[in-house]
Amino acid sequence: MQTSPRLRLPRLLVLGTDSRLARGYLVVFGLSVLVMLVLPDSPVAMAPMLLTAPLSLFGVALPFGPGTEGGGPGEALAVGFWAAWVLLCALVNAAALGALTAKRSASAPVRSNNVPARNLLAPAFDNWLARAYCAVVAVALGFFLYAVLLSPDPGFAGIWPLITAAPFSFLAVPLSLPAEYSGIPGLGTLVFTVAVGLAGLVNAVLIGRLAHRLRGEGR
């Protein structure tokens with residue numbers, strides 16, 4: 001009988017806590033939260049958000065969160081929602097790392113050690129969760145390219161691709177700077193776009209592998 005594709009929280013908890021890699025990530029995340037509480041005005045206070053990217057960064061699109069005006073119950077509710085969301089994002093990331101090291105199911109087919117590249121990338125496209133994420137990254141990159149190439153004022157259009165493909169996408173900035181000042185028109189934009197696309201692909205593979213593990217598949 002095929003396992004239900006519905007994502008279940010208990011399975012998420014198991015994947016997020018049953019490997020050294022996942023537990024190590026949660027320890028680092030916990031330490032980052034402690035640093036944030038001790039040094040709230042320091043740049044390192046952003047560490048919990050960066051460690052739980054990309055999901056946690058999607059919260060910037062919400063109209064409420066820490067610092068919500070008005071005080072009282074409304075602000076407390078906003079802060080509570082933000083804290084719960086970041087914790088859930090940390091658990092999802094830990095589960096994704098756990099999916100990388102989870103033991104293969106006994107019913108899963110044995111694959112050759114010489115795995116073609118297309119099989120390694122397959123989890124990024126063979127399930128709805130990863131495909132939906134790829135669509136979000138594609139829309140963000142499309143908006144960025146439209147703003148840079150066709151809009152008279154691109155503004156901060158690059159922030160959306162960085163958020164959707166974080167944390168690896170942040171490497172796109174230092175990688176594209178030399179190309180930006182190379183004197184070759186459009187080279188910086190090309191390098192930035194490719195780097196963000198690759199970062200999104202890595203995230204999509206991790207999301208896809210997590211989706212397969214949550215369904216009990218030994219991919």
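What pLDDT does the chain average, and what share of the residues score at least 70? The chain averages a pLDDT of 82, with 80% of the residues at 70 or higher, where pLDDT is the predictor's confidence in each residue, from 0 to 100. This is a predicted model, in which local features need pLDDT of at least 70 and side-chain atom pairs count only at pLDDT 80 or more, while totals for chains, interfaces and linings use all residues. Residues are numbered from 1 along each chain as its sequence is written, and side-chain values use heavy atoms, with hydrogens and water left out.

The secondary structure comes to nine helices and zero strands, taken from DSSP runs (helices H or I, at least four residues; strands E, at least two) that are numbered from the N terminus.

Of the 219 residues in the chain, 35% are buried, that is, under 20% relative accessible area, with exposed meaning over 50% and partly exposed in between (1.4 Å probe, protein chains only). Ser169, in the loop between helix H7 (159–164) and helix H8 (172–180), counts as buried because its relative accessibility is 0%. Leaving aside neighbours within four places in sequence, Ser169 is in contact with Pro161, Leu162, Val196 and Ala199.

The count of aromatic pairs comes to one, under a rule that pairs rings of Phe, Tyr and Trp (its six-membered ring) if their centres lie within 6.5 Å, with planes under 30 degrees apart counted as stacked, over 60 as edge-to-face and the rest as tilted. The rings of Phe144 and Phe192 have centres 4.8 Å apart and planes at 45°, so this pair is tilted. Because Phe144 lies in helix H6 and Phe192 in helix H9 (residues 187–214), the pair ties together parts that are 48 residues apart in sequence. Phe144 and Phe192 are both buried.

Val35, by contrast, belongs to helix H2 (residues 20–38) and is partly exposed, with a relative accessible area of 33%.

Key
Contact = heavy atoms within 4.5 Å.
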